[in-house]
Amino acid sequence: MYNKILVAMALDHGISPEMLKIAQALCNPGAEIVALHVFEAPPSSVNAYLGEDAVREGYERARQLMAEKTAHIEGITARIVRGHTYRTLIEYAADHDIDCIVIGSHQPDFSDYLLGSTAARVVRHAPCAVHVFRSS
C-alpha cells in the first residue's frame, strides 16, 4: 500500500468519484491523497482569440468543480496547477515524493498506439507506481 497518492483529476470525464475511492483503497493508514487537476491553458494562437478573461473564467470554473468533487471527502488535498498534463503530473509526482499515481484511461484507439494517451505517457515516465483505471 502507499503513503502518498496522487489522483489525476480530469474534471470533464465523470470518473473522479471512482478514482478517489481507488486511491482511498490503496492507502496505508494515515496516508496522504492529493487530487490534482492540470489546467492546460490554450495554445498562444488560440489564446489570442479567447482573451485573458476567458482563460481566467475557465480556470475559476475548474477550481470550483475541483472543490465540489473533493469537498465531501475527508483527508484529500485538492490542487490545481497550470501546465501540460502528462509532464506536469510526472513533475509533481517527482517533486512531492508521490508513491503512486491513480489515473483514468479510455479504451485505446489506433492513434493512441502511434502517439500515446496521457495515461500511457504517465505509465512510461512516472517515477513511481501507476494505477490505471479504465471505465467500461
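The legends below describe close-up views of a predicted model.

Local features are reported at pLDDT of at least 70 and side-chain atom pairs only at pLDDT 80 or more, whereas totals for chains, interfaces and linings use all residues. Residues are numbered from 1 along each chain as its sequence is written, and side-chain values use heavy atoms, with hydrogens and water left out.

**View A. The aromatic pair of Phe39 and Tyr59.** Rings of Phe, Tyr and Trp (its six-membered ring) are paired if their centres lie within 6.5 Å; planes under 30 degrees apart count as stacked, over 60 as edge-to-face and the rest as tilted. One aromatic pair is counted by this rule. The ring centres of Phe39 and Tyr59 are 5.3 Å apart and the planes stand at 85 degrees, so the pair is edge-to-face. It links distant parts of the chain, 20 residues apart: Phe39 belongs to strand β2 (residues 27–39) and Tyr59 to helix α3 (residues 52–70). Helices (H or I, at least four residues) and strands (E, at least two) are DSSP runs, numbered from the N terminus. Phe39 is buried at 10% relative accessibility, while Tyr59, at 21%, is partly exposed. Buried denotes under 20% relative accessible area, exposed over 50%, and partly exposed in between (1.4 Å probe, protein chains only). Arg82 lies over the face of Tyr59, 4.3 Å from the ring centre; for such a contact, NZ of Lys or CZ of Arg must be within 6 Å of the ring centre and within 35 degrees of the ring normal.

**View B. Parallel pairing of β2 with β1 and β3.** Strands are paired if DSSP finds at least two bridges between them. Strand β1 (residues 2–8) runs parallel to β2 and is joined to it by six bridges; Tyr2 has Cys27 of β2 as its bridge partner. From β1 the chain passes through helix α1 (residues 16–26) to β2 in a right-handed β-α-β crossover. Right-handed means that, with the strands pointing away from the viewer, the path from the first strand over the helix to the second runs clockwise. Seven bridges connect β2 with strand β3 (residues 76–82), also in the parallel sense, and Ala35 is partnered by Ala78 in β3.

**View C. Strand β4 and its pairing partners.** Five of the six residues of β4 are buried, so this strand is largely enclosed by the rest of the structure. Three bridges join β4 to β1 in parallel, with Cys100 of β4 as the bridge partner of Ile5. β4 also runs parallel to strand β5 (residues 129–134), through six bridges; here Ser105 stands opposite Arg134 of β5.

**View D. The largest pocket.** The space within this pocket is about 570 Å³. Its lining comprises 27 residues, of which Met9, Ala10, Asp12, His13 and Thr85 lie nearest the centre. Two or more lining residues come from each of α1, β2, α3, α4 (85–95), β4 (100–105) and α6 (118–125); the largest share, four residues, is from β2. On a 1 Å grid over the protein atoms alone, a pocket is an open set of points where a 1.4 Å probe fits, with protein on both sides within 12 Å along at least five of seven lines; lining residues have an atom within 4 Å of a point. Grid points are joined across faces, edges and corners, and the volume is the space filled by probe spheres set on the points.

**View E. Loop residues Gly75 and Asp97.** Gly75, in the loop between α3 and β3, is exposed at 53% relative accessible area. Asp97 is in the loop between α4 and β4 and is exposed at 61% relative accessibility. Although not a glycine, Asp97 has a positive phi of about 50 degrees.
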